[in-house]
Amino acid sequence: MKFVIIFSAFFAVAMCASVPLDNAQIVRYDNDNIGVEGYHWALETSDGKTFSEDGSLENVGKEDESLVVRGQYSYVGPDGVTYTVNYIADKNGFQPQGAHLPVGPK
């Protein structure tokens, strides 16, 4: 399970590195509390983009042990509106929510 947490942390950092910043500067970067049972990171850029994520282990030491990731990101769209997506990724998959995202049938 350590591999999953370490991989997730590196994946989060890699996602930040791959986001085109269009000459934006990083104004805040937090990367703390990375350990065996979880992690937290956050990033804010001068162009108004924000990203944050927390990951933690659920059912530690049991057969159904899994990583649960909760996060959010926001950005200013071409129309000047700030869009925010909150998400959870767990045993049920990736589940994004945002006022601008369509909602599927229940």
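A residue is taken as buried under 20% relative accessible area, as exposed over 50%, and as partly exposed in between. In this predicted model, D30 therefore counts as partly exposed, since its relative accessibility is 26%.

The sheet to which these residues relate is open and consists of 6 strands arranged in the order β1-β2-β3-β4-β5-β6, with antiparallel pairing. Its edges are formed by β1 (26–35) and β6 (93–97), each of which pairs on one side only, and neighbouring strands are turned against each other by 10° on average, direction ignored. Strand β1 runs antiparallel to β2 (residues 38–45), to which 7 bridges join it; within this pairing, Y29 has L43 of β2 as its bridge partner.

The count of salt bridges comes to 3. In one of them, the side chain of D30 meets that of R28 at an N to O distance of 2.7 Å, and R28, with 33% relative accessibility, is likewise classed as partly exposed. The side chain of R28 also meets that of E44 in a salt bridge, at 3.5 Å from N to O; because R28 belongs to strand β1 and E44 to strand β2, this pair ties together parts that are 16 residues apart in sequence. E44 is partly exposed, at 30% relative accessibility.

A further salt bridge links K49 with D47, whose closest N and O atoms are 3.4 Å apart. Here K49 counts as buried because its relative accessibility is 16%, whereas D47, at 30%, counts as partly exposed. Through shared partners, salt bridges join R28, D30 and E44 into one network.

Note on methods:
Residues are numbered from 1 along each chain as its sequence is written. This is a predicted model: local features need pLDDT of at least 70, side-chain atom pairs count only at pLDDT 80 or more; totals for chains, interfaces and linings use all residues. Side-chain values use heavy atoms; hydrogens and water are left out. Two strands pair if DSSP finds at least two bridges between them. Helices (H or I, at least four residues) and strands (E, at least two) are DSSP runs, numbered from the N terminus. Axes are lines fitted to C-alpha atoms, for helices over the stretch in contact, and angles run from 0 to 180 degrees between N-to-C directions. A salt bridge is a side-chain nitrogen of Lys or Arg within 4 Å of a carboxyl oxygen of Asp or Glu. Buried means under 20% relative accessible area, exposed over 50%, partly exposed in between (1.4 Å probe, protein chains only).
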